[in-house]
Structure formats: C-alpha cells, structure tokens
Amino acid sequence: VTVYGRVETPRRASLNAAISADLTKINVLEGASVSKGDVLLTLDSSDADLLLNQREADLAEVNALISSEESRYKRDKSLLSNEKLLLTLTEKVVTRAKKLDEARLVTRSSLDEAVANQQRQLVTLKRLQYDVDEHTTRLEGLKARQSGAGAMLQQAKLDVGRTVIRSPFNGRIANLNVSIGDRVRVGDSLLSVYDLDELEVRAQIPGRHLKQVRNGLRQGQAAKAKAVLDGNLLLFELTRLSGETRQD
C-alpha cells in the first residue's frame, strides 16, 4: 500500500515572553539546530535587576525589624523585673505615708505625692507587661511579612532569569517572530522550536485497510513502512492511530 505522509513532531515548544522588556540579542535564526540549554534570545534585564534590588532591600528591612523586635523583647523582660521591684517600693512608701498621715506626722501633700508615684509606676509596669505579652503577635506579623518579602524576592529572581531564553531541548528553530529592539510584553510569542529526537511521519491510511491495521496493532503486530529520501532508505513502524480525522 502506498501512502503519503509528512514529517511532524508532537514535541514543539512555543516560547513566549514572561516579562515585558526590550529584545537586545538574538543568537539563532530559523532553521538553526540548537542544543538543550543554548541561549536563544536575551531581553534587557535593567528593569528586572532594579526590581530584584528593591525586593532584596525589602527583605533586609523586615529581617532588621525581626532582629530589633527580639532585642526589644529581651530588654523588656529584663526591665519588667526591675519595674515590679520599683512598684513594690512605691507601695511601701504609700503604706508608710498613710501611717504617718494618720499620726499627723506628714502633710497631706506628701501622701498624695506618694500615691501619685505609685500610680505612675503601676501604669509603667502595665505598659511594659503589655509590650512583653504582645511580643509573640508582633513577631508573627513580622515573620508573615518576611515570608511575603521572601516570595517576592524569589519572583524577582525568576524574572531576572527569564530575560535569558534558552532551548528546552535539542531541536531546530521553526519560527522566529521578533527582531532586535522589539518591545515584548508578557505572553508575546518569541519563537518556536521542535525536537529533532521526536520526529514522526503522519500518513493517512486508506479506509479499506484500516480494520486490518487496527487489528494488527491490537495483536502487537505493527505495520511496517519504508521510504526513500535523498537516496537513503528509511524504515518506519506504525505506533498508534490518530484520535481524529484530519482534512489535509
């Protein structure tokens, strides 16, 4: 049976821009063979580098705030003991002042001043105790900001890496859709490349032979084919049937 087919590949990648930037360098042209990891295109990284620097600064700022909060917590815990001791002392002063007042040995103003000092010390102690108690909440908020800043930094690093377009596999450039100096936006098609190791021939089998071919595939007896290309004999084996009919 003579059939006519064409060479295709199921593995064809369309490489699109992941960031908005100017195209600064093109290393390949249509039809060029490339290896996996080869640099195909280069985009201007100026904007991406600036954003990366900003994200690094944001993360450094949050890290500094966390360090400051931990130092503040240690200081407040140390001061808390001193403030409690001072409150105890002011309470004793008030107690003595009241006894002296009852004995008419001090003026009323001296008692009022002792009570005022006690209340001020109590307010100071409560404020410091609140700061110590809120340490965990403040630290959790800062760590959440740290996590967000870290994620934004990783995104910025990815964007810098996306300024260099590399081949995903060994292949050949099928289409080149841009020129140096073009301003590309996110999603713009840059080029397409197909895998040279995954080439196949798609051919339409006459309907009268289709049942026999299908039965052979089910029984593990794949149909064979041969072709002559540029004087070279090529051998093929049928691996699967298409899931739909194409109008070629």
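Me: Hi! How many residues does helix H4 have, and how far does H4 reach from its first C-alpha to its last?
Reply: Hello! This is a predicted model, and in it helix H4 covers residues 207-218, twelve in all. From first C-alpha to last, H4 reaches 17 Å, close to the 16 Å expected at 1.5 Å a residue.

Me: And what comes just after H4?
Reply: Glycine 220 sits there, with a positive phi of about 80°.

Me: Let's move to H3. What span should its 27 residues have, and how far apart are the end C-alpha atoms?
Reply: H3 should span 39 Å at 1.5 Å a residue, and its end C-alpha atoms are 39 Å apart, so the two agree.

Me: Which residues of H3 are buried?
Reply: The buried ones are His135, Leu139, Leu142, Ala149, Gly150, Leu153, Ala156 and Asp159.

Me: Why does histidine 135 count as buried?
Reply: Its relative accessibility is 9%, and buried means under 20%, so histidine 135 qualifies.

Me: What does histidine 135 touch, leaving out residues up to four places away in sequence?
Reply: Histidine 135 touches Glu69, Glu70 and Tyr73.

Me: How far is alanine 151 from arginine 55, in sequence and in space?
Reply: The two are 96 residues apart in sequence, while their C-alpha atoms are 9.3 Å apart.

Me: Switching to the inside: which residues have the most contacts in the largest nonpolar core?
Reply: That core has 20 residues, and Leu40, Leu41, Val178, Leu190 and Leu191 have the most contacts inside it. Strands E2 (12-16), E3 (21-26), E5 (39-43), E7 (171-176) and E9 (189-195) each supply at least two residues of this core. As a general point, nonpolar side chains in soluble globular proteins tend to be buried together.

Me: What does leucine 190 touch?
Reply: Not counting residues up to four places away in sequence, leucine 190 touches Leu15, Asn16, Ala17, Leu41, Ile165, Leu176, Asn177, Val178 and Val184.

Me: Last topic, the surface. Which residues form the nonpolar patch there?
Reply: Val7, Leu199, Val201, Leu229, Leu234 and Phe236 form it, and together they have about 500 Å² of accessible area.

Me: Where is valine 7 placed, and why is valine 7 called exposed?
Reply: Valine 7 lies in strand E1, residues 5-8. Its relative accessible area is 59%, and exposed means over 50%, so valine 7 counts as exposed.

Terms used:
Residues are numbered from 1 along each chain as its sequence is written. This is a predicted model: local features need pLDDT of at least 70, side-chain atom pairs count only at pLDDT 80 or more; totals for chains, interfaces and linings use all residues. Side-chain values use heavy atoms; hydrogens and water are left out. Patches are made of residues with over 30% relative accessible area and no salt bridge: like charges are joined within 9 Å, nonpolar side chains (Val, Leu, Ile, Met, Phe, Trp, Tyr) within 5 Å. Accessible areas come from the Shrake-Rupley method with a 1.4 Å probe; for residues, only the protein chains shown count as cover. A salt bridge is a side-chain nitrogen of Lys or Arg within 4 Å of a carboxyl oxygen of Asp or Glu. Helices (H or I, at least four residues) and strands (E, at least two) are DSSP runs, numbered from the N terminus. Buried means under 20% relative accessible area, exposed over 50%, partly exposed in between (1.4 Å probe, protein chains only). A nonpolar core is a set of buried Ala, Val, Leu, Ile, Met, Phe, Trp, Tyr and Cys residues joined through side-chain atoms within 4.5 Å. Contact means heavy atoms within 4.5 Å. The expected span of a helix is 1.5 Å times one less than its number of residues.
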